[in-house]
Amino acid sequence: MGLFDRLFGRKEKEKEPILEDQPKEPAVEMQDSGAEEEVVDSAPFNDVGEESYDQKVPTSEKVDEAVEAPTWSETMQENQQELDIDAAREATASQGKDEQVDEVGALQATSESEEEKYQRTLKKTRTGFGARLNEFFANFRSVDEDFFEELEELLITSDVGVQVAANLTEELRYEARLENAKKPEVLRRLIIEKLVEIYEKDGQFSEQIAFQDGLTVMLFVGVNGVGKTTSIGKLAYRYKQAGKKIMLVAADTFRAGAVAQLVEWGRRVDVPVVTGPEKSDPASVVFDGMEKAVAEQVDVLMIDTAGRLQNKDNLMAELEKIGRIIKRTLPDAPHETLLALDASTGQNALVQAKEFSKITPLTGLVLTKLDGTARGGVVLAIRQELDIPVKLIGFGEQIDDIGEFNSESFMRSLLEGLV
């Protein structure tokens, strides 16, 4: 059974006459039987009657304010502004250790289940995408070239990526000709199926962390400000709660703030942190960490590294040296090389993933800050263009707001209420 079937039930061969004879839309049927929260999230689907498909209707001012899609240039400008804000925040954190201590110390555990965390985290992405897709269908009475052009623009501004948007639109053109589809509603379910297929690919998701019987070494990379160090601290808490013996290594020796933040995380979750003198060779700190981890029979060693992507040659040399030091102690390590990405930066996150994949082999991604953005579609873009699995996902600000990524939970939370 494919991913779509597991998420939304067996595919039904829905022909045009069936859709015409049945006045109730598939999306409304799901809302009637779903949870109250989902009905609220996908409310725009209930606002559109069947007569909307008989003519191209203008959007009301109220709906325009809620779902108006930004232009491509506006989206890129907004992404850059958010990166600048993150950089400023990181610079402030590096200068003020007391602020970092306060930030870490304020974290508390939540009582939510992981499924509830997925629903909460993807709410902005789900409602934003759902409203746009619903408005899109409401504005067209027939499948024509304008339909496909505007669909492609909608997908791009939803951060599924230019390549994904172009490929999906072209596939839908072919399907529309093949099925002689004349009404947009016929393509609604097909669009969702195609989005699921993008992530499913060959069915090999590779989402599980490669834990070893002995020591598991996890190397974390990523630019400053994306939540890399915070993710390490939260994971340390999660794994320690699971009964594992944890050790951290502060190998970002060029930023005193980064070392201080990781040390404070170690204090907070009660795990040891290996550090070195300021401006010391990161590889030497990693060597000390590997020696101690083996001697003390640690289960998981997590290594925080610098993120100076603007100086790629130096960063590549530094990561290669760290890799050699790790292998000198444990030939098959690191077992995971994880890139932390800030989901709120949208397509800039995809650019970072491309650049880091050129610098060092990546086994997976850590997707952070997804709860504060409507740009969860970037997961599809990364899957399509780079085929790097998301292995960990950040759910929010609390100490246990991180977990192993699950494609079925993600796609269900992203698309539920649209089929």
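Tutor: A residue is called buried at under 20% relative accessible area, exposed at over 50%, and partly exposed in between, with a 1.4 Å probe and protein chains only. Helices (H or I, at least four residues) and strands (E, at least two) are DSSP runs, numbered from the N terminus. The model is predicted: local features need pLDDT of at least 70, side-chain atom pairs count only at pLDDT 80 or more, and totals for chains, interfaces and linings use all residues. Residues are numbered from 1 along each chain as its sequence is written, and side-chain values use heavy atoms, with hydrogens and water left out.

Student: What share of the residues of the protein chain counts as buried?

Tutor: The secondary structure of the chain comprises 19 helices and eight strands. Of its 419 residues, the share that counts as buried is 53%.

Student: In what order do the eight strands lie in the open sheet?

Tutor: Two strands pair if DSSP finds at least two bridges between them. The edge strands, each pairing on one side only, are β3 (273–274) and β8 (402–404). The pairing in the sheet is mixed, and the order is β3-β2-β4-β1-β5-β6-β7-β8.

Student: Which residue of β4 is the bridge partner of Phe-220?

Tutor: Strand β1 (residues 216–221) pairs with β5 (residues 336–342) in the parallel sense over four bridges, and there Met-218 stands opposite Glu-336. With β4 (residues 300–304), β1 pairs in the parallel sense over five bridges. In β4, the partner of Phe-220 is Asp-304.

Student: Which residue of β6 is the bridge partner of Leu-341?

Tutor: Five bridges join β5 to β6 (residues 364–368), and these two strands run parallel. The partner of Leu-341 in β6 is Leu-367.

Student: Why is strand β1 described as largely enclosed by the rest of the structure?

Tutor: In a regular strand the side chains alternate between the two faces of the sheet. In β1, Thr-216, Met-218 and Phe-220 point one way, Val-217, Leu-219 and Val-221 point the other way, and all are buried. The strand is therefore largely enclosed, the number of its six residues that are buried being six.

Student: Is Thr-216 buried or exposed?

Tutor: Thr-216 is found in β1. Contact means heavy atoms within 4.5 Å; not counting residues up to four places away in sequence, Thr-216 touches Ala-210, Phe-211, Asp-299, Val-300, Leu-301 and His-335. Because its relative accessibility is 0%, Thr-216 counts as buried.

Student: Which residue just after α14 takes a positive phi?

Tutor: Helix α14 (residues 256–269) has 14 residues and reaches 20 Å from its first C-alpha to its last, close to the 20 Å expected at 1.5 Å a residue, where the expected span is 1.5 Å times one less than the number of residues. Among its buried residues are Leu-262, Trp-265 and Val-269. Just after the helix, the residue with a positive phi, of about 65°, is Asp-270.
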